[in-house]
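This report goes through a few local features of one structure. Please look at the sequence and the model before reading on.

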Amino acid sequence: MPLYEYVCGDCGERFEALRPMREADAPIECPHCGGQHAKRALSLFAAIGSEGVIAGNGSSCTSCSATSCAGCSSRQ
Ligand SMILES: [Zn+2]
């Protein structure tokens with residue numbers, strides 16, 4: 001199960017959570033303040049561990065020359 005990183009929109013705290021890929025963008029509660037406005041942040045680990053593999057088949061990355069980076073995978 002991939003590790004995803006989130007940033008709380010209420011307190012600004014960053015935290016990580018192991019979630020199924022299909023639930024990566026589902027709402028998640030902030031463990032620090034209990035807020036419901038956490039947004040997913042693409043950590044290097046998450047990009048490599050999960051979506052980087054998927055993004056590898058594309059060549060539309062405009063922010064770098066790699067085939068898999070945070071910019072690529074955020075496009076999906
Ligand atoms: Zn919070």
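## Aromatic pair

The count comes to one aromatic pair, where rings of Phe, Tyr and Trp (its six-membered ring) pair if their centres lie within 6.5 Å. A pair of aromatic rings is described by the distance of the centres and the angle of the planes. Tyr6 and Phe15 form the pair, with 5.7 Å centre to centre and 25° between the planes. This pair is stacked (planes under 30 degrees apart count as stacked, over 60 as edge-to-face and the rest as tilted). Both Tyr6 and Phe15 are buried (under 20% relative accessible area, 1.4 Å probe, protein chains only).

## Basis of the model

The model is predicted: local features need pLDDT of at least 70, side-chain atom pairs count only at pLDDT 80 or more, and totals for chains, interfaces and linings use all residues. Residues are numbered from 1 along each chain as its sequence is written, and side-chain values use heavy atoms, with hydrogens and water left out.

## Zinc site

The zinc ion has four protein donors (N, O and S atoms within 2.8 Å of the metal, or 3.2 Å for Na, K and Ca). These are Cys8 (SG), Cys11 (SG), Cys30 (SG) and Cys33 (SG), lying 2.3 Å from the zinc ion. The arrangement is tetrahedral because the donor atoms subtend angles of 106 to 115° (four donors count as tetrahedral if all angles lie between 85 and 135 degrees).

Cys8 and Cys30 are both buried.

## Glu5

Glu5 counts as buried because its relative accessibility is 12%. A polar contact of 2.8 Å joins the side chains of Glu5 and Arg14 (a pair of N or O atoms within 3.5 Å; within protein, one must be able to donate a hydrogen and the other to accept it, and residues adjacent in sequence count only if both atoms are side-chain atoms).

Terms used
Tetrahedral: all angles 85-135°; square planar, octahedral: opposite > 155°, others 65-115°. Buried < 20%, exposed > 50% of the residue type's maximum accessible area, 1.4 Å probe, protein only.
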